[in-house]
Amino acid sequence: MGWVVQTNDFRSSEVQGSPRTCTKNELALMSLKRLLFFWLLALVSVVVPVMHFVLAPAFFLVGIFVFFLPFKYTHVMVGGSYLCPKCSAMNELKNFYFSNGSRLNCNSCQAELKISNE
Ligand SMILES: [Zn+2]
């Protein structure tokens with residue numbers, strides 16, 4: 001049982017390092033931090049002349065959107081790496097939140113990869 005990354009044409013490579021499952025509390029905390037960050041931006045953009053009509057509501061809504069994003073993650077990789085199956089470049093994974101089937105991109109060739117548990 002290990003995690004692998006796979007390209008769209010089914011080339012795959014093993015992920016080095018062992019992810020752990022993340023707790024709901026952890027995800028809630030991350031969500032809250034993101035929400036506060038965007039709401040702070042919304043608050044700050046209120047003083048921007050004219051543009052605040054667009055910026056303030058936009059940041060407000062983006063905040064709500066990003067708040068719900070982390071709840072789909074099930075695992076976190078604190079420190080790990082993988083070799084891109086396409087270009088063989090080494091990619092680091094640091095505090096990487098994901099779940100089975102999450103998408104990620106290679107840092108050097110931008111290939112779309114899927115991380116899954118096999
Ligand atoms: Zn690559």
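A residue is called buried if 20 or more other C-beta atoms lie within 10 Å of its own, exposed if 12 or fewer, and partly exposed in between, with C-beta atoms placed from the backbone. I went to Leu36 with that in hand: it has 12 C-beta neighbours inside 10 Å, so it counts as exposed.

Ground rules before going on. I am looking at a predicted model, where local features need pLDDT of at least 70, side-chain atom pairs count only at pLDDT 80 or more, and totals for chains, interfaces and linings use all residues. Residue numbers start from 1 along each chain as its sequence is written.

**Entry: Leu36 and its helix**

Leu36 sits in helix H1; helices (H or I, at least four residues) and strands (E, at least two) are DSSP runs numbered from the N terminus. I checked Leu36 against Ile64, which is 28 residues away along the chain, and got 9.6 Å between the C-alpha atoms.

**Entry: H1 against H2**

Two packed helices are described by the angle between their axes and the distance between the axes. For H1 (residues 24-45) and H2 (residues 52-68) I noted an angle of about 175 degrees and axes 8 Å apart. Axes here are lines fitted to C-alpha atoms, for helices over the stretch in contact, and angles run from 0 to 180 degrees between N-to-C directions. H1 and H2 are therefore roughly antiparallel; the label is for angles over 145 degrees, with under 35 roughly parallel, 65 to 115 roughly perpendicular and the rest oblique.

Who makes the contact? From H1 I listed Ser31, Arg34, Leu35, Phe38, Trp39, Leu41, Ala42 and Ser45. From H2 I listed His52, Leu55, Ala56, Phe59, Phe60, Val62, Gly63, Val66 and Phe67. Contact means C-beta atoms, placed from the backbone, within 7 Å. By class, the contact has 12 nonpolar, four polar and one charged residues. The classes are Ala, Val, Leu, Ile, Met, Phe, Trp, Tyr, Cys and Pro as nonpolar, Asp, Glu, Lys and Arg as charged, and the others, Gly among them, as polar.

**Entry: the H1-H2 loop**

Val46 is in the loop between H1 and H2. Val46 counts as exposed because it has 11 C-beta neighbours inside 10 Å. Leaving aside neighbours within four places in sequence, I find Val46 in contact with His52 and Ala56.

Most residues other than glycine have a negative phi.

**Entry: Phe10**

I looked at Phe10 for a positive phi as well, and it is about 65 degrees, although the residue is not a glycine. Phe10 is in the loop between strand E1 (3-7) and strand E2 (12-16). Buried or exposed? Phe10 is exposed, because I count 7 C-beta neighbours inside 10 Å. Lys114 is 104 residues from Phe10 in sequence, yet their C-alpha atoms are 9.7 Å apart.

**Entry: the core**

The largest nonpolar core has 12 residues: Trp3, Val5, Val15, Met77, Tyr82, Cys84, Leu93, Phe96, Phe98, Cys106, Leu113 and Ile115. Such a core is a set of buried Ala, Val, Leu, Ile, Met, Phe, Trp, Tyr and Cys residues joined through C-beta atoms within 7 Å. E1, E4 (75-83), E5 (90-98) and E7 (112-117) each supply at least two of its residues, and E5 gives the largest share, three. I followed up on Leu93, which touches Gly17, Met77, Gly80, Ser81 and Tyr82, not counting residues up to four places away in sequence.

**Entry: Cys87**

Cys87 lies in the loop between E4 and E5. It counts as partly exposed because 13 C-beta neighbours fall inside 10 Å. Cys87 touches Cys106, Ser108, Cys109 and Ala111, again not counting residues up to four places away. For Cys87 and Cys106, 19 residues apart in sequence, I noted 8.6 Å between C-alpha atoms.

Key:
Two residues are in contact if their C-beta atoms, placed from the backbone, lie within 7 Å.
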